[in-house]
Amino acid sequence: MARPFAYKKIHQHNNPYNAHHMTTMTSSHMYAIKYQGEYVIICTEPDFPEYNEKGNPTSPRKYKRPFFNTYKSAKTQCDKLNQLFNTDEYQIVKI
């Protein structure tokens, strides 16, 4: 669901050789998830990674968004983590 008034657009760059454009945005507040006093960064990795000839993984880990602009989206992710790991130690903090 789009949150059109949650961010304020600062700059936008249009690349004529790419179909996408880069936009920088700001927000007056953000929410993060902490576990035992430390910030949480969520990533996914393949169970059976494949490596190239140099020994580097061909499908490296992918990181999910660490900060959230609305309390509701942070709460949803926090609830998922608490349910997945059967704990209640994941907490939301306002930055």
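The model is predicted, so local features are reported only at pLDDT of at least 70 and side-chain atom pairs only at pLDDT 80 or more, whereas totals for chains, interfaces and linings use all residues. Residues are numbered from 1 along each chain as its sequence is written, and side-chain values use heavy atoms, with hydrogens and water left out.

**Nonpolar core**

- The largest nonpolar core is made up of nine residues, namely Tyr31, Ile33, Val40, Ile42, Phe68, Ala74, Cys78, Leu81 and Tyr90; such a core is a set of buried Ala, Val, Leu, Ile, Met, Phe, Trp, Tyr and Cys residues joined through side-chain atoms within 4.5 Å.
- Strand 3 (31–35) and helix 1 (71–84) each supply at least two residues of this core, and helix 1 gives the most, with three residues; helices (H or I, at least four residues) and strands (E, at least two) are DSSP runs numbered from the N terminus.
- Ile33, itself a member of the core, has contacts that include Val40, Phe68, Ala74, Cys78, Leu81 and Tyr90, not counting residues up to four places away in sequence, where contact means heavy atoms within 4.5 Å.

**Cysteines**

- A search of the whole structure finds zero disulfides, a disulfide being a pair of cysteine sulfur atoms within 2.5 Å.
- Cys43 is in no disulfide, and the nearest cysteine sulfur, that of Cys78, is 18 Å away, which means that the two sulfurs are too far apart for a bond.
- The surroundings of these cysteines can be described by relative accessible area, for which buried means under 20%, exposed over 50% and partly exposed in between (1.4 Å probe, protein chains only): Cys43 is partly exposed at 31%, whereas Cys78 is buried at 3%.

**Strand pairing**

- Strand 1 (residues 8–14) and strand 2 (residues 21–26) run antiparallel and are joined by six bridges, strands being paired if DSSP finds at least two bridges between them.
- A hairpin joins strand 1 to strand 2 through six residues, and His13 stands opposite Met22 in strand 2.

**Positive phi values**

- Most residues other than glycine have a negative phi.
- Gln36, which is not a glycine, has a positive phi near 55°; Gln36 lies in the loop between strand 3 and strand 4 (38–39) and counts as exposed, at 56% relative accessibility.
- Asn86 likewise has a positive phi, of about 50°, although it is not a glycine; Asn86 is found in the loop between helix 1 and strand 8 (90–94) and counts as exposed, at 72% relative accessibility.
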